[in-house]
Amino acid sequence: MRIVLLGAPGSGKGTQAKKLVADHGYPQVSTGDLLRDAVARGTEYGLKAKAAMEAGQLVSDDIVLGILKDRIAQPDAANGFILDGFPRNLPQAAALEDVLGEIGQPLDAAVLMELDFDVLFKRLTGRRSCKSCGRIYNVYFLPVPDDGRCESCGCDEFVHRADDKEETIGRRLEVYQKETAPLVDYYRELGKLKVVDAEGSFDEVYSRLVGALGL
Ligand code: AMP
């Protein structure tokens, strides 16, 4: 199954995608994660992407498409994948249709994770991830346990993503509204859009998501 997860930053796409991966085996392809990895490794793509990411702007389409094509050509993506954070604008969506059309593996669905602006803002400003295993916590909704250690791996260091700081978040939400929100109509017109209410506990949202996908 080939799925796009759409939704503003903070709508829970990444966290939900991780569980879909664990339950159904399709790899999660997050262009944000791939870009952060390229930045950390100091690759050519990473060096070019760094400034745009730190400013909360979109990285150029050629870089993101290059990274995406390399990733979906890997053997583990042959039977399907969950795209998280891609496409982010209409040209990327059109490029995705072309790439998948060429390999005869069209997209099955685009799922919009729908959430109020106030909740999004808190989810982003409050987000912390475990430095060792990446498990996500939130100072408002899902705090680190009282002993200050990650439930999964016991690590006691948590990171606040540079682009989750308040000054950058406003910019990321604006970019979403202007560039990415039009994809909702795009996928609705293609008959592929499914809308999931992303407010509520992780489990509630997950069961709506698998219901919408018929899994
Ligand atoms: P994310 O983890 O999906 O919120 O992405 C973090 C940052 O990576 C974004 O704010 C952008 O700077 C960049 N990025 C991720 N995916 C894309 C994309 N599809 N197109 C352009 N920039 C992207």
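Glu 114, Asp 116, Asp 118 and Glu 199 gather in a patch of negative charge on the surface of this predicted model. The structure also holds 17 salt bridges, a count of zero disulfides, and a cis peptide bond between Phe 86 and Pro 87. A nonpolar surface patch is formed by Val 139, Tyr 140, Phe 141 and Leu 142.

**Surface patches**

- One member of the negative patch, Glu 199, sits in the loop that runs between strand S8 (193–197) and helix H9 (202–213).
- Glu 199 has a relative accessible area of 39%, so the residue is classed as partly exposed. That value passes the requirement for patch residues, which is over 30% relative accessible area and no salt bridge.
- The nonpolar patch of Val 139, Tyr 140, Phe 141 and Leu 142 has about 410 Å² of accessible area together.

**Salt bridges**

- Side chains of opposite charge can pair when their charged atoms come close. A search of the whole structure gives 17 salt bridges.
- Asp 33 and Arg 36 are joined by one of them, with an N to O distance of 2.8 Å. The two residues are three apart in helix H2 (residues 31–41), so about one helical turn separates them.
- Both ends of this pair are partly exposed: Asp 33 has a relative accessible area of 35%, and Arg 36 has 28%.
- Helix H2 also carries the pair Arg 41 and Asp 37, which are four residues apart and therefore separated by about one helical turn. Their closest N and O atoms are 3.0 Å apart.
- In this second pair, Arg 41 is exposed at a relative accessible area of 57%, whereas Asp 37 is partly exposed at 37%.
- Asp 163 and Arg 172 form a salt bridge with an N to O distance of 3.9 Å. The cut-off for a salt bridge is within 4 Å, so the pair qualifies.
- Asp 163 is buried at 13% relative accessibility, and Arg 172 is buried at 10%.
- Through shared partners, salt bridges link Arg 127, Arg 161, Asp 163, Asp 164 and Arg 172 into one network.

**Cysteines**

- A disulfide is a covalent bond between the sulfur atoms of two cysteines. With a cut-off of within 2.5 Å between sulfur atoms, the count of disulfides is zero.
- Cys 130 takes part in no disulfide, and the nearest cysteine sulfur, in Cys 153, lies 3.5 Å away. Cys 130 is buried, with a relative accessible area of 2%.
- For Cys 133, the closest cysteine sulfur belongs to Cys 150 at 3.7 Å, which is too far for a bond. Cys 133 is partly exposed, with a relative accessible area of 39%.

**Cis peptide bond**

- The peptide bond joining Phe 86 and Pro 87 is cis, with omega about -5°.
- Pro 87 is located in the loop between strand S3 (81–84) and helix H5 (90–102).

**Buried leucines and contacts across the sequence**

- Leu 209 is placed in helix H9. Its relative accessibility is 0%, so Leu 209 counts as buried.
- Leu 209 and Val 111 are 98 residues apart in sequence, and their C-alpha atoms are 8.1 Å apart in space.
- Leu 183 is part of helix H8 (residues 182–189). Leu 183 is buried, with a relative accessible area of 0%.
- Leu 183 and Ala 93 are 90 residues apart along the chain, and 7.6 Å separates their C-alpha atoms.

Conventions:
Residues are numbered from 1 along each chain as its sequence is written. This is a predicted model: local features need pLDDT of at least 70, side-chain atom pairs count only at pLDDT 80 or more; totals for chains, interfaces and linings use all residues. Side-chain values use heavy atoms; hydrogens and water are left out. Patches are made of residues with over 30% relative accessible area and no salt bridge: like charges are joined within 9 Å, nonpolar side chains (Val, Leu, Ile, Met, Phe, Trp, Tyr) within 5 Å. Accessible areas come from the Shrake-Rupley method with a 1.4 Å probe; for residues, only the protein chains shown count as cover. A salt bridge is a side-chain nitrogen of Lys or Arg within 4 Å of a carboxyl oxygen of Asp or Glu. Lys and Arg count as positive and Asp and Glu as negative; His and the chain ends are not counted. The place of a charge is taken as NZ of Lys, CZ of Arg, CG of Asp or CD of Glu. Buried means under 20% relative accessible area, exposed over 50%, partly exposed in between (1.4 Å probe, protein chains only).
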